[in-house]
Amino acid sequence: MAIIHITLSLYGSLATFAGGKYIAQKVVELEEGATVQDLMDRFEIPYDQKSYLFINNILSDMPGLDASLGEILTDNARVGIFSLQHMYPYQYRDGLPMSASLTKLLKEREDGAVHNTY
Amino acid sequence: MAKQVLRINMSDLKATYEEMPEKWARWGGRGLTSTIVIDEVDPTCHPLGPSNKLVIAPGWVSGSPAAPSSGRTSFGAKSPLTGGIKEANSGGLSSQKIAKLGLGAIIIEGMPKDGKWYEIFIDKDGVKFEDAAALMGKGMYEIDTLMWEKYPNKPAVIGIGPVGERKLSNAGISVNDPENEPGRYAGRGGLGAVMGARGIKVMIVDDKGGPGVEIANKELFTTGRKKLTAAIGEHALTKKDGGLWLFGTNVLMNIVNEAGGLPTRNFSAGQFEGAAKISGETVKENIEKRGGVGAYHHACHPGCIMQCSSIYPHEDGTAFVSVIEYETAFSLGANCGIDDIEYIAQATRECNDIGLDTIEAGNTIAIMMDGGQLEFGDTEGALKLFDEIREGTALGRVLGQGVEATAKAFGVYRVPTVKGQSMPAYEPRAIKGIGVTYATTVMGADHTAGYTIAPEIAGVGGKVDPLDNTDKGALSLTFQAATAFIDSTGYCLFIAFPILDIPDGWAGMAESVAGVTGLDITGDDVLAIGKEILKKERLFNEAAGFTAADDRLPEFMRNEALPPHNVKWDMEDEVLDSVFAWVHED
């Protein structure tokens, strides 16, 4: 199986899972076909502790949702995962590129796309 | 006892008190400053001339007992930076002290005939004018210290630095915080120049022995404030150990950078490789490591329970600066290609001292860099520019006018402004919704003009789709109206986070306002009241000469694709024009 390289950034309390205090940035080797879930498992990060998650600058997950776990990562992808303490108010992400799976999930929700937490 | 309006006429150095007239009685904060400016200021006047006025107003609930995070002071006038109406609000000590003196507003008008500068002292016994010659040229750190040495009751100190004395368009108004530091600014729009044009270097407000704030319906007020306090205390962002408490507003640096929306090197990119080094997470690590007076949850005004401010220490633990906001770290840092947090702390202190808005100041330095006057990333060269501004050299006076004037002086095409005011820390090509607000708000490009309100609360649920660009105009109007209301309350705008997600908090905000004022207001009235404020402000700007052509983002954003998303600003003009079309339909 081929190996891919992922640049992972963990912010806030999640940084402790990769040896940091409030920020940890690492290049991680994974097998081709690995998902976000595989990446989080590598560092034993509980899924319910992630909030905003970006893959190559695309907003792919939100606090309280699980839209990104099945996303397949590609070689040299950049993944940033934020803690539940982080905030990203709607007005500052209104119109931002989002992943197809997150867009679909938000469209299905009755409480809309504007909330801080779900 | 009805609230009073204190009118200070600098032409004859007279102060008069009048009962709040009925036409103004229902307003507070931004609603009141804008109403008074509209009633009393000729929209076509020169902002620095005798016809402009500086209006200061605490919010509806400021000074009331135990209203959480309610220490915002609104400052209003015709802006020398934008040429339109402006409200800028600040934390610090002033709002609660003005309110506790029984004052609903302070109107400062006229200009000293003798050309002198004045120190104004306000307490329960009235107003005193004193020659301020000995204070001229001094920065706000020294001014605040001198005023607390002179006046014993730890008063509010509202002042301007040398930039305001020179009446430059990027002059802010400083308000001291509980530690008597000058880091709280009504920064945007050059209102410090309006204060300077009235001949006032500093105003002191001592509320000792004042009548306090009358509560019309104590039961309703208590019910409302408790609901709001509970919502703030419960929400993930605003509770103790939440995002704002832990990292301050600079918690946004890494997240906006990951999103590709962090304006970098004069808005030429949306991602900065050095973002982590200047983020709230790094600031917190340094504060914990250095100890001393450093603090990462610090209240900018008494009674704030969100405490998003911080005190950044030197390596030896002594005080360096308060506070490195996200907007400050973006403008002085990423937008200048600078990843040195110690430089950002120093430059923030310079801004606080000489009286500059940090957003406009950093963006101005970025223009100099883009114009080839110094390299991106050059901290030494940037600090020399602050020296030029402090000393009032010819170059310093150009820089003190802000981004547009500096861009013209140095032939720079990439000018990230709307209505003369430069953009805050969210790139509108990547984050298109905020671009609609930047373009259409009467205030000029302003990130605080449109805070989110839940569509179901706003009564537009089902009618707009936040994920569809064609609805961005309706959303922006809703957000701008809600923000105009919150700006009138005296509450910090950050209560918007919990009241968005917790309906009881939304109701509590409105009930606490109704309880203090006696106005018949519920959560259902918020948007209508906010729109009333927006309409007045919009009509003022139209009378000042603004048209739909002013509701546009700069040309370069339509022409230049922004990495990493490689997107241009492609919002249709019809969407922008829809935001305020109703003003002439009603």
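The model is predicted: local features need pLDDT of at least 70, side-chain atom pairs count only at pLDDT 80 or more, and totals for chains, interfaces and linings use all residues. Residues are numbered from 1 along each chain as its sequence is written, and chains are lettered from A and ligands numbered from 1 in the order in which they are written.

## Chain contact and core

Chain B puts 40 residues in contact with 35 residues of chain A. Contact means that C-beta atoms, placed from the backbone, lie within 7 Å. On the chain B side, the elements giving two or more residues are helices H7 (243-247), H8 (252-258), H9 (280-290), H16 (432-440), H18 and H19 (496-501). Helices (H or I, at least four residues) and strands (E, at least two) are DSSP runs, numbered from the N terminus. By class, this side of chain B has 21 nonpolar, 12 polar and 7 charged residues. Here Ala, Val, Leu, Ile, Met, Phe, Trp, Tyr, Cys and Pro count as nonpolar, Asp, Glu, Lys and Arg as charged, and the others, Gly among them, as polar.

The largest nonpolar core holds 217 residues. Such a core is a set of buried Ala, Val, Leu, Ile, Met, Phe, Trp, Tyr and Cys residues joined through C-beta atoms within 7 Å. A residue is buried if 20 or more other C-beta atoms lie within 10 Å of its own, exposed if 12 or fewer, and partly exposed in between. A:Val79, B:Ala105, B:Ile344 and B:Ile495 touch the most other members. H18(B) supplies the largest share of this core, 9 residues. Leaving aside neighbours within four places in sequence, B:Ile344 contacts B:Ile278, B:Ile324, B:Thr328, B:Ala329, B:Leu332, B:Gly333 and B:Ile338.

## H18 against H21

H18(B) spans residues 472-489 and H21(B) spans 526-543. Their axes come within 7 Å and cross at roughly 90°. H18(B) is therefore roughly perpendicular to H21(B). Axes are lines fitted to C-alpha atoms, for helices over the stretch in contact, and angles run from 0 to 180 degrees between N-to-C directions. Angles of 65 to 115 degrees count as roughly perpendicular, under 35 as roughly parallel, over 145 as roughly antiparallel and the rest as oblique. The H18(B) side of this contact includes B:Ala481, B:Ala484 and B:Phe485, and the H21(B) side includes B:Leu527, B:Ile529 and B:Ile533. The contact residues divide into 9 nonpolar, 4 polar and 1 charged.

## The six-stranded sheet

In chain B, 6 strands form an open sheet with mixed pairing, in the order S8-S7-S12-S9-S10-S11. Two strands pair if DSSP finds at least two bridges between them. S8 (126-131) and S11 (184-186) are the edge strands, each pairing on one side only. Neighbouring strands are turned by 20° against each other on average, direction ignored. S7(B) (118-123) and S12(B) (200-205) run parallel, joined by 5 bridges. B:Tyr118 has B:Ile200 as its bridge partner. Helix H3 (140-150) of chain B lies across S9 (156-159), S10 (173-175) and S12, at about 145° to S9(B).

## S14 and its partners

S14(B) (309-313) is mostly covered, with 5 of its 5 residues buried. B:Ser309, B:Ile311 and B:Pro313 point one way, B:Ser310 and B:Tyr312 the other. S13(B) (295-298) pairs with S14(B) in the antiparallel sense over 2 bridges, with B:Ala295 partnered by B:Ile311. S14(B) also pairs with S15(B) in the antiparallel sense over 2 bridges. There B:Tyr312 is partnered by B:Val321. S14(B) and S15(B) form a hairpin with 5 residues between them, and B:Gly317 in the turn has a positive phi of about 90°.

| Cis bond | Omega |
|---|---|
| B:Ser322 to B:Val323 | about 20° |
| B:Pro563 to B:Pro564 | near 5° |

B:Val323 sits in the loop between S15 (319-321) and H10 (326-332) of chain B. B:Pro564 sits in the loop between H22 (556-559) and H23 (573-578) of chain B.

In chain A, the loop between S3 (50-55) and S4 (58-61) holds A:Asn56. A:Asn57 is also in the loop between S3 and S4. Phi is positive in this non-glycine residue, A:Asn56, near 50°. For A:Asn57, phi is near 70°, again positive in a residue other than glycine. A:Asn56 counts as partly exposed because it has 19 C-beta neighbours inside 10 Å. A:Asn57 has 21 inside 10 Å, so A:Asn57 counts as buried.

Definitions and conventions: Contact = placed C-beta atoms within 7 Å.
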